Amino acid sequence: MTSVYKLGMLGVVALCLSACSSPATEAPPAAAAPATVAPTAPTTATLNVSINEVMVALIDHAGHNLWDAEQAGKAPKTDAEWKNVSEHAVQIAAAGPAITVGGAGPRDTEWVKTPSWHMYAQRMSDAGLAAVKAANTKDLPALIVANGQLVESCESCHKEFKPDLPTEGIVHTHGH
């Protein structure tokens with residue numbers, strides 16, 4: 001290497017070092033004060049639709065997709081068909097907690113204040129989780145058991161809370 005090149009490199013290194021350090025007599029820059037956010041009360045999730053709308057559009061729709069797997073000739077065979085079953089089972093599992101926060105329906109606030117409502121919602125969610133496990137292991141007999149648990153949770157809840165079907169005039173077409 002030439003001495004000019006070495007001298008130039010030494011100059012670049014010195015410039016970098018001087019730029020990275022501050023003189024000892026200079027006060028360090030003040031750190032920016034972190035933005036403060038006033039504490040707020042925890043928010044509660046709300047459904048801006050009725051629980052019945054959730055039942056028809058999400059739960060009933062997903063449930064029928066699970067129950068259809070039990071019909072002659074409709075059992076899932078391919079990875080894609082099992083994935084479809086799993087996705088609908090996840091919807092059931094997630095819907096349980098969703099319907100416990102209330103909604104915009106005329107009786108929703110009353111329903112969610114009842115301990116048995118929460119029990120039925122949890123049973124529905126548990127059935128959904130069992131169906132997810134069955135779908136992920138491609139276990140049709142286990143899916144049939146999970147579907148039976150789902151039927152039991154739905155029928156028990158409907159006997160107590162909604163014996164007259166449909167309510168609010170909402171009906172599912174059962175289209176997939």
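These are my notebook entries on a predicted model of a helical protein.

**Entry 1: the overall layout**

I started with the secondary structure and found six helices and zero strands. Reading from the N terminus, I wrote the order down as α-α-α-α-α-α. Then I looked up burial: of the 176 residues in the protein, 31% are buried. I also checked how far apart in sequence the contacting residues sit. Among contacts with a separation of 6 or more, 77% join residues 24 or more positions apart.

**Entry 2: helix α5**

Next I picked α5, which covers residues 115-136 and has 22 residues. From its first C-alpha to its last I get 32 Å, close to the 32 Å expected at 1.5 Å a residue.

Which residues of α5 are buried? My list is S116, W117, Y120, A121, M124, S125, A127, G128, A131, V132, A134 and A135.

**Entry 3: a closer look at S125**

I zoomed in on S125, which lies in helix α5. Is S125 buried or exposed? S125 counts as buried because its relative accessible area is 6%, and the cut-off is under 20%. Skipping neighbours within four places in sequence, I found S125 in contact with I92, A93, G96 and P97.

**Entry 4: α2 against α3**

Now for a helix pair. α2 and α3 pack at an angle of about 145°, and their axes are 9 Å apart. I put the crossing of α2 past α3 down as left-handed.

On the α2 side, the residues that meet α3 are L58, I59, H61, A62, G63, N65 and L66. Their partners in α3 are N84, V85, H88, A89, Q91, I92 and A95. Sorting the residues of this contact by type, I got eight nonpolar, six polar and no charged. I92 turns up here in the contact with α2, and I had already noted I92 beside S125.

A disulfide is a covalent bond between the sulfur atoms of two cysteines. I went looking for some, and my count came to zero. The cut-off is 2.5 Å. Last, I checked C157 for burial: its relative accessible area is 9%, so C157 is buried.

Terms used:
Residues are numbered from 1 along each chain as its sequence is written. This is a predicted model: local features need pLDDT of at least 70, side-chain atom pairs count only at pLDDT 80 or more; totals for chains, interfaces and linings use all residues. Side-chain values use heavy atoms; hydrogens and water are left out. Helices (H or I, at least four residues) and strands (E, at least two) are DSSP runs, numbered from the N terminus. The expected span of a helix is 1.5 Å times one less than its number of residues. Buried means under 20% relative accessible area, exposed over 50%, partly exposed in between (1.4 Å probe, protein chains only). Axes are lines fitted to C-alpha atoms, for helices over the stretch in contact, and angles run from 0 to 180 degrees between N-to-C directions. A crossing is left-handed if the near helix is turned anticlockwise from the far one by less than a right angle, and right-handed if clockwise. Contact means heavy atoms within 4.5 Å. Ala, Val, Leu, Ile, Met, Phe, Trp, Tyr, Cys and Pro count as nonpolar, Asp, Glu, Lys and Arg as charged, and the others, Gly among them, as polar.
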